[in-house]
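The sequence and structure come first.

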Amino acid sequence: MEKLAIFDIDFTITKKETLMELYKFLIKEDKKNLKFLPRALFSGFMYGIGIYNEKKVKETFLKFIDGIKENDLKKIVKKYYNDRLINILYKDALDMIKKLKSEGYKVYLISASPEFYIKEFYAIKEVDKIIGTKFSFNEEGIFQRKMLGENCKGEEKVIRLMKYLRENNIIVDFKNSYMFSDSLSDSPLLDLVGNPYLINFKKENNKYKKLNWQ
């Protein structure tokens, strides 16, 4: 029976929102990507007033990599990880990952962020499994900006996790497992484990323990 140490990514192990950081990184790489800024602002506005859901927002926002070849995207996200992502990781998060891994826990990162770039976190040798929001590539290996299935958030995270565990015949000791998140949207996962923690959470909360990471 395995014990899990589950971590959200954005604002949990990273100090910033990683999809927006990807866009900012690509602007720095090529100023022509600034032309997609109005679309990004528009999609955010439409989400704010309740017209777009998060799936629609992401599909709209990702226009800046629409039509890119899969192999070219792999090169971009690897450079993004090495040049940017590793610089916005909380040291305390990495310390916790290493600590729990040394104690025999399997380390899972489960995030609503796109899997095509968060899989770069496998560079952290303690990470055993990454689950994120999936996007499609066509038969020619071209990125299509179409989400496969649902946005990996809230209850969907539990659905994806359980599916993976079933498919791999993994039995988990959830009572002695951990979950770390910055948001109450992760309550379904937080409630699944015996050791749930909120990270850098400022609002009133009496249900979960809190940790402040830097």
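## Second largest pocket

Strand β3 and helix α7 (155-167) each contribute at least two residues to the lining of the second largest pocket. The model is a predicted one. The volume of this second largest pocket is about 260 Å³.

Its lining consists of Glu 115, Lys 119, Tyr 122, Lys 129, Ile 130, Ile 131, Lys 134, Leu 148, Arg 160, Lys 163, Tyr 164 and Glu 167. By class, seven of these residues are charged, five are nonpolar and none is polar.

## Largest pocket

The largest pocket has a volume of about 640 Å³. Its lining comprises 24 residues, of which Asp 10, Glu 17, Glu 54, Lys 58 and Lys 153 are the closest to the pocket centre. Two or more lining residues come from each of α1 (18-29), α2 (37-48), α3 (54-61) and β2 (106-114).

Charged and nonpolar residues number nine each in this lining, and six residues are polar.

## Thr 133

Thr 133 is part of strand β3, which spans residues 127-137. Is Thr 133 buried or exposed? Thr 133 counts as buried because its relative accessibility is 0%, and the cut-off for buried is under 20%.

Leaving aside residues up to four places away in sequence, Thr 133 touches Lys 58, Ser 111, Ala 112, Ser 113, Pro 114, Glu 115, Met 147, Glu 150, Asn 151, Cys 152 and Arg 160. With Cys 152 there is also a polar contact: a polar side-chain atom of Thr 133 lies 3.0 Å from the backbone nitrogen of Cys 152.

Terms used. Residues are numbered from 1 along each chain as its sequence is written. This is a predicted model: local features need pLDDT of at least 70, side-chain atom pairs count only at pLDDT 80 or more; totals for chains, interfaces and linings use all residues. Side-chain values use heavy atoms; hydrogens and water are left out. Helices (H or I, at least four residues) and strands (E, at least two) are DSSP runs, numbered from the N terminus. Buried means under 20% relative accessible area, exposed over 50%, partly exposed in between (1.4 Å probe, protein chains only). A polar contact is a pair of N or O atoms within 3.5 Å; within protein, one must be able to donate a hydrogen and the other to accept it, and residues adjacent in sequence count only if both atoms are side-chain atoms. Contact means heavy atoms within 4.5 Å. On a 1 Å grid over the protein atoms alone, a cavity is a set of points where a 1.4 Å probe fits but cannot get out, and a pocket is an open set with protein on both sides within 12 Å along at least five of seven lines; lining residues have an atom within 4 Å of a point. Grid points are joined across faces, edges and corners, and a volume is the space filled by probe spheres set on the points. Ala, Val, Leu, Ile, Met, Phe, Trp, Tyr, Cys and Pro count as nonpolar, Asp, Glu, Lys and Arg as charged, and the others, Gly among them, as polar.
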